[in-house]
Amino acid sequence: MVDLAGAHLVDLDVMSPEEALALFTKIVGEERVGSEREAALDVVAACGFLPLAIRIAASRLAARRTWTVSVLAAKLADERRRLDELQAGDLAVKATFELGYGQLEPAQARAFRLLGLADGPDISLAAAAAVLDLPGGHGGPAGVPGRHLPPGISRPRPLPLPRPGPPLRACMRGTRRTAAGREEAALSRVLDFYLATAVGVYATERPGDRLVDGLEPTEHPGMTFSDGSAALDWLYTEASPLLTAVRQAAGTDRLRRGVDLLWAAKDLTESGANSHQYEMTARAMCDATHTAGDARAAGRARTVLTDVLLVSGRIEQAEEEARLAMELADSVRDAAAVSWVANNRGLICLHQRRYSSGKILFDQAIEGFRATGNRAGEASALSNLSRAQLGMGNITEAVEIARHGLAVYLEMGRTMRLANGHFAVGVALATAGRHSEALGQFSEAVSIFADHRQRLWEGATNFRIAEVHLAAKRPSHAAQHAEQALALGCIGGDRMRGNVLTLLGRALSALGQADRASACWREAVSSSSRTPLPRPARFAPSLRQWHDPHRCTPPSGRSAFVYLRPAFSSLSHRRVGGQTADQGRSVTVRLRTPARQAAWGVAGRVLHTWHHNRGASLMSDKMKDAEATPLDNHMPTPPAEEETVTTLDNHMPSEPVGITTLDNHMPAPPALGLDGGK
């Protein structure tokens with residue numbers, strides 16, 4: 001038809017999922033599809049949303065009344081037999097593709113075969129040029145690839161180039177006539193392309209960070225970018241095929257490059273845009289490196305996974321991964337990994353209130369970064385060290401260290417990590433009560449985080465701004481920034497969300513909006529309960545905080561019992577005056593270990609809230625002064641072997657008692673740093 005006067009070609013994309021499902025339903029029937037909608041969506045997805053494939057699959061199902069939609073979906077799930085399943089009568093997907101394939105020029109046929117090797121959902125023209133070993137993707141500027149691609153592929157179109165669906169990909173693989181060595185070379189080239197380009201993005205976002213010097217070398221120069229915004233555009237656009245390329249490296253000699261690519265693309269998890277896919281890829285690479293017995297790659301894979309777990313607030317899991325990462329990195333003397341793992345382990349100590357232990361680890365990280373000339377890493381560890389000093393009560397020194405870290409960041413220009421420096425100084429100044437100066441630092445940080453699309457960090461900074469406003473008796477401003485933090489999300493996952501909700505509730509209560517405040521507190525308890533609680537000894541709060549008259553009453557009753565379970569699990573014995581805990585006037589407990597005393601601290605807080613409306617107090621004067629800082633040998637002296645805590649109605653504090661979920665007794669993740677090294 002192209003020879004006809006006035007005729008022109010029109011490119012048609014595949015059908016949308018809704019259109020594909022509508023076509024499938026029209027052939028199969030509303031009743032059969034309606035009862036198995038999810039299976040029907042699996043079928044049309046397996047068909048690549050191609051009308052011909054959907055028509056064939058639907059016709060087969062319509063002709064077999066004993067089949068369910070799930071049966072057909074299971075048949076199409078096997079990629080090795082998918083093309084055989086997609087034929088009915090004279091219609092066959094494979095035959096149609098083979099007809100078109102036979103009309104291709106040799107260069108086009110080669111491209112058809114090689115592009116089917118990459119498993120990603122799509123591929124850009126630059127990546128396609130790398131697969132085909134053509135000049136279009138070699139070190140050219142972003143946005144000008146593909147000039148040397150075969151006809152039919154190189155026509156101008158925006159990134160990314162739509163990729164074939166499952167049926168076409170299966171056909172590509174079925175028609176392969178390329179030697180295995182050439183296929184491996186093609187996959188190696190595209191991995192090189194992604195690694196080299198991701199390293200360029202990392203260096204653009206983190207000038208002065210020498211991590212890139214220790215990554216696997218590449219033969220491909222990668223793409224170059226005119227500015228940081230263009231670099232981030234590429235990273236977020238290419239996230240899915242990039243992570244797929246990492247997973248395809250498992251079980252091959254490309255394994256180390258795959259792990260290093262994952263590490264260089266760490267912005268994908270901190271931004272929150274691709275967190276789930278990034279985590280699944282990190283876990284897959286941990287398994288692959290363990291199977292391969294490659295200690296260096298395994299240590300780096302676990303370092304990456306530790307980053308993911310810290311960002312999402314899963315501290316217990318992060319602690320175990322960091323321990324394994326350090327053992328592996330030490331065993332092969334991987335200096336780059338050792339320094340970053342020490343930084344991560346210090347952050348974990350901050351979450352656990354083990355400040356002196358954290359200081360030791362940050363000093364180790366600083367020494368390692370200085371030895372390798374990694375100024376950005378040094379600034380990160382300095383910023384985090386300031387948080388350890390704050391926890392130890394050394395506020396003046398903490399401010400000085402944070403300012404030192406900021407000065408190092410300033411040497412590198414207005415990069416994303418400069419925001420972390422401002423953030424750390426803001427936290428130190430806020431702790432020192434210098435609210436106006438702290439707000440100035442946080443304002444600088446939030447602006448830079450927004451420019452660099454770090455949504456979770458932007459949310460965390462808004463939370464810190466809200467804290468400062470609330471401390472300065474400006475609850476309306478505090479509520480506004482807390483709501484922004486909730487909308488954006490925060491570093492720290494559900495744990496941090498509980499903190500934000502608690503603060504918002506306090507601000508709303510101060511504004512006289514009691515119902516909204518109570519709703520926030522209820523949601524805070526629910527959010528916190530989705531995150532595994534720390535071990536009781538680490539969870540023990542300072543009971544003095546329960547008598548702060550400026551704190552407001554949180555949700556009480558059975559919803560607060562979530563905090564009680566881990567506490568009582570560590571108590572060897574309890575009895576309540578011969579009655580149940582809900583009815584008693586006194587509590588007798590036997591406490592012999594620091595862990596049990598810490599557990600009683602948690603139990604006392606929860607039971608006090610439980611009984612608040614009935615005028616009961618479960619805290620003795622001695623328990624009010626108890627504060628646990630586990631693992632630093634600062635545990636309070638346990639009470640006598642048996643101690644009776646008497647509760648009297650007329651001994652209630654004059655102001656309501658409040659739970660601040662995780663905010664008072666577990667440092668909020670952003671305040672702990674997670675800084676620069678993330």
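Does A329 count as buried or exposed?

Modeller: A329 counts as buried, because its relative accessibility is 1% and the limit for a buried residue is under 20%. Please keep in mind that this is a predicted model. The residue belongs to helix α18, which covers residues 315-331. Once neighbours within four places in sequence are set aside, A329 is in contact with D334, A337 and V338. The C-alpha atom of A295, a residue 34 positions away along the chain, is separated from that of A329 by 7.3 Å.

E279 sits in helix α16, residues 275-292. With a relative accessible area of 9%, E279 is buried. Beyond four places in sequence, E279 touches L305, V308 and R314.

These two residues may be set against the chain as a whole. The chain has 678 residues, and buried residues make up 55% of them. It contains 32 helices and 7 strands. Of the contacts with a separation of 6 or more, 74% join residues 24 or more positions apart.

The largest nonpolar core has 81 residues, and Y194, W234 and L242 have the most contacts inside it. Helix α11, residues 180-205, gives the most to this core, with 10 residues. Apart from this core lies another, of 47 residues, which includes Y409, W457, L504 and W521.

W234 is one of the buried residues of helix α12 (residues 228-237), the others being A231, L232, L235 and Y236. At the start of α12, a side-chain oxygen of D227 comes to within 3.1 Å of the backbone nitrogen of S229. Leaving out residues up to four places away in sequence, W234 touches F193, Y194, T197, A198, V201, M223, F225 and L242.

Some of these partners are aromatic. A search of the whole structure finds 8 aromatic pairs. The ring centres of F225 and W234 are 6.2 Å apart with the planes at 50 degrees, so this pair is tilted. Both F225 and W234 are buried. Together with F193 and Y194, these two residues form one aromatic cluster.

Aromatic rings also meet charged side chains elsewhere in the model. The charged end of R64 sits over the ring of W67, at 5.0 Å from the ring centre. K266 lies over the face of W340, and here the distance to the ring centre is 5.1 Å.

Most residues other than glycine have a negative phi. F49, which is not a glycine, has a positive phi of about 60 degrees. This residue lies in the loop between α3 (37-46) and α4 (51-63). F49 is partly exposed, with a relative accessible area of 21%. K473 also has a positive phi, near 65 degrees, and it too is a residue other than glycine. It is found in the loop between α25 (455-471) and α26 (475-488). The relative accessible area of K473 is 58%, so this residue is exposed.

Finally, the confidence of the prediction must be considered. The chain averages a pLDDT of 76, and 69% of the residues score at least 70. Where pLDDT is low, the predicted coordinates should not be read in detail.

To return to the residue about which you asked: A329 is buried, at 1% relative accessibility, and its contacts beyond four places in sequence are with D334, A337 and V338.

Key:
Residues are numbered from 1 along each chain as its sequence is written. This is a predicted model: local features need pLDDT of at least 70, side-chain atom pairs count only at pLDDT 80 or more; totals for chains, interfaces and linings use all residues. Side-chain values use heavy atoms; hydrogens and water are left out. Rings of Phe, Tyr and Trp (its six-membered ring) pair if their centres lie within 6.5 Å; planes under 30 degrees apart count as stacked, over 60 as edge-to-face and the rest as tilted. Buried means under 20% relative accessible area, exposed over 50%, partly exposed in between (1.4 Å probe, protein chains only). A charge sits over a ring if NZ of Lys or CZ of Arg is within 6 Å of the ring centre and within 35 degrees of the ring normal. Helices (H or I, at least four residues) and strands (E, at least two) are DSSP runs, numbered from the N terminus. A polar contact is a pair of N or O atoms within 3.5 Å; within protein, one must be able to donate a hydrogen and the other to accept it, and residues adjacent in sequence count only if both atoms are side-chain atoms. A nonpolar core is a set of buried Ala, Val, Leu, Ile, Met, Phe, Trp, Tyr and Cys residues joined through side-chain atoms within 4.5 Å. Contact means heavy atoms within 4.5 Å. pLDDT is the predictor's confidence in each residue, from 0 to 100.
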